Structure formats: structure tokens, C-alpha cells
Amino acid sequence: MRERIEFAAVWIILKLLGTLPRAVARSFAIGTARFLFALSPNLRKTAEINLQIAFPGWSESRRNELIHAMVQNLASMATEFARFPKYSRENIEQLVILDGNENFLDGQRRGKGVLFLTGHIGAWELSSFAHALYGYPLHYMARPLDNTRIDALVNGYRCLSGNKPIFKNESARVMLRVLKEAGTIGILADQNTMPNEAVFVDFFGKMASTSTGIARVALHTNAAVVPVYVVWDQTVQKYRLRFEPPVPLIRTGDTERDVFANTQQFARIIEGIIRQYPDQWLWVHGRWNTRPKGEPPLYDFS
């Protein structure tokens, strides 16, 4: 029953945001997001802890301003997500412009496939969706939601532009096949990861448990690793989908050392993007939740 009620609520909000005029939908989404955030004190505490780690020199008022902007950014992304059925190749340029797409094409021309190194930055749901409408569909790593009905709804929207999910139980086999066929895979690489799939690398000056998946796959397949992110550009009043040049892989011949070095390299790239656009990252995620043995927890709100 709870699953059905949650699904009904999400479905109604999604359809409402998709039906209302864009400006009205954004205002409604921002108001709703602020209300829900106010009811979630642990999310605010998580964001405050993360910002103290990342920007220890900032004042409390500056951190509060950034949290306010983050909530607004999430609401704006939700609005665009709800409007996915309205977007097409004919009108996507009114919302998203490509910046550095030649870097993606450079990686693609290598013929070994492309791994998008990305994170929860800006309107991340819009990045692969828009790029597919521009003619470059991809496969994306899908982490299942607890509510199966909502999960199916969300993935249905994500796939409207031609993208396809890769689920965890099939990830290795499908990833290797896609890359062998010179395809593209999008991976969010900025989340806390369980120790059996991760190494601890420096992230904003503090050790963070980080997935080694991208490094292992890239080293094994020689796929091009292309950093990509989409952020709101106030100057042109559009989202800018930015592709950075392919990242040269570190190879010493020692597999585990190379995995660690490349994972650290990728984390630094993600950190650099966040530092450029701090108001457009997901600060409510417990990025430093998994700690090295012997360290106390950071997010103990009991």
C-alpha cells in the first residue's frame, strides 16, 4: 500500500510539472522542494557537514546560501525531467547547448567505446537525455530505486530519447559488449561506495570511498574516459552540456596501482567541476559516509 501511495504522489507531481507552463512549473517545484527540505533536517545536516569539509573557510551564511541554491537547482531539474516527453531533436537546442562535443567525438573515433565520467552536477538527468536527442544515445548505469513502480516510471522517462539502462545484475557483461561495439556508457562517479568495490582517495582533502569501476573498465578495454556535465548558464538562459577532452590513463604495469591512480585522477576531475559550480552539486548525499577502519562516523544524527 505504501509503495502505491508513493507512486501515486510521484506520478501526480510529475504529470503536473509536465503540464504546467515551464515558469509556473519551476516556481511550484521550487516551493515544493523548499517545503520538503524543511521537513528533512538530516538532509540539511548532511549538506552542512559536507560543506564544512569541502569549504572550511566559508562562513555559515555563505554555506546557507549555497544550500538554498542547491535546493532550487534540484527543483529546476525535476521540472525539466517532468517535461522530457515535450522535448525532441527539433526543440532541444532551445534548452540545452553543446559545448566541447568535439571532445566526445574524438573519444568516439578511437573505436574502443566511450565512458562518460560524470556526477550529480547541475541537471544531471538532462545531460544524457539531451545528448541522445542530438543524435548520440547511450547506455547508463541504473541503480534501482526501492519503490519498483517509481523505478519503472523514472527509467521510462529516461529512455524516451533512446537511451538504455544497464542494471547492476548484468552490468559487467553488458558494459563490455557495449564498449566492444564502440558504444557509450554514462556513469555517475561521485557517490559513496561500499569498500568491496572501492578504494579510498582524496576528495576535497578528505578520504572518500570511491568506486574503482570506471578505472578497471577503462584499463581493461582502453575505452576513452570523457568528463561531462550539464550546468545552468545564466548568460544564455540555457543549460550548457560540457564535454572535456578524454583523460589520459595512467599505466605503470601494476594493475592495482593503476586502478588506484586513475580513480584518484577521476575524483580530482569531479572535484574540480564541483569547485567551479558548487551550487549545482548534490550536497545532501553522504559522500564521506564509509570511513577507513578506526575512524568515527561523520553523519551520526542519533
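**Burial, pairing and open space**

Mentor: In this predicted model, V114, F116 and T118 point one way from β2, while L115 and L117 point the other way, and all are buried.

Trainee: Why is strand β2 called largely enclosed by the rest of the structure?

Mentor: A residue is buried when its relative accessible area is under 20%. Five of the five residues of β2, residues 114-118, are buried, so the strand is largely enclosed by the rest of the structure.

Trainee: What makes β5 and β8 partners of β2?

Mentor: Two strands pair if there are at least two bridges between them. β2 has five bridges to β5, residues 184-188, and the two run parallel. Four bridges join β2 to β8, residues 224-233, and these strands run parallel too. Both counts reach the cut-off of two, so both are pairings.

Trainee: How far apart are T184 and Q234?

Mentor: They are 50 residues apart in sequence and 29 Å apart in space, C-alpha to C-alpha. Q234 is one of the residues lining the second largest pocket.

Trainee: What else lines the second largest pocket, and which helix gives the largest share?

Mentor: The lining also includes R26, I30, W232, Q237, Y239 and D279. Helices α2 (22-38) and α4 (60-82) each supply at least two residues. The largest share, four residues, comes from α4. The pocket holds about 260 Å³ of space.

Trainee: What makes the phi of Q237 worth a remark?

Mentor: Most residues other than glycine have a negative phi. The phi of Q237 is near 60°, a positive value in a residue other than glycine. Q237 is found in the loop between β8 and β9 (238-243).

Trainee: What is the phi of F204, and is F204 buried or exposed?

Mentor: F204 has a phi near 55°, a positive value in a residue other than glycine. F204 sits in the loop between β6 (198-203) and β7. At 4% relative accessibility, F204 falls under the 20% limit and therefore counts as buried.

Trainee: What is known of the largest cavity?

Mentor: The structure holds one cavity of 30 Å³ or more, and the largest cavity contains about 60 Å³ of space. Among its lining residues are A189, T210, S211, I214, T263 and F266. β7 (206-211), α9 (213-221) and α10 (255-276) each supply at least two lining residues. α10 gives the most, with three.

Trainee: Which residues make the nonpolar surface patch of about 230 Å², and how do you know that L16 passes the accessibility limit?

Mentor: The patch is made by I13, L16 and F28. L16 lies in helix α1, residues 2-19. A patch residue needs over 30% relative accessible area. L16 has 35%, so L16 passes that limit, and at this value L16 is partly exposed.

Notes
Residues numbered from 1 in each chain as written. Predicted model: local features only at pLDDT ≥ 70, side-chain atom pairs only at ≥ 80, totals over all residues. Heavy atoms only, no water. Buried < 20%, exposed > 50% of the residue type's maximum accessible area, 1.4 Å probe, protein only. Patch = residues over 30% accessible without salt bridge, like charges linked within 9 Å, V, L, I, M, F, W, Y side chains within 5 Å. Areas by Shrake-Rupley, 256 points an atom, 1.4 Å probe, with all protein chains shown as cover. Salt bridge = Lys/Arg side-chain N within 4 Å of Asp/Glu carboxyl O. 1 Å grid on protein atoms, 1.4 Å probe; cavity = no way out; pocket = protein on both sides within 12 Å on 5 of 7 lines; lining within 4 Å. Points joined across faces, edges and corners; volume = space filled by probe spheres on them.
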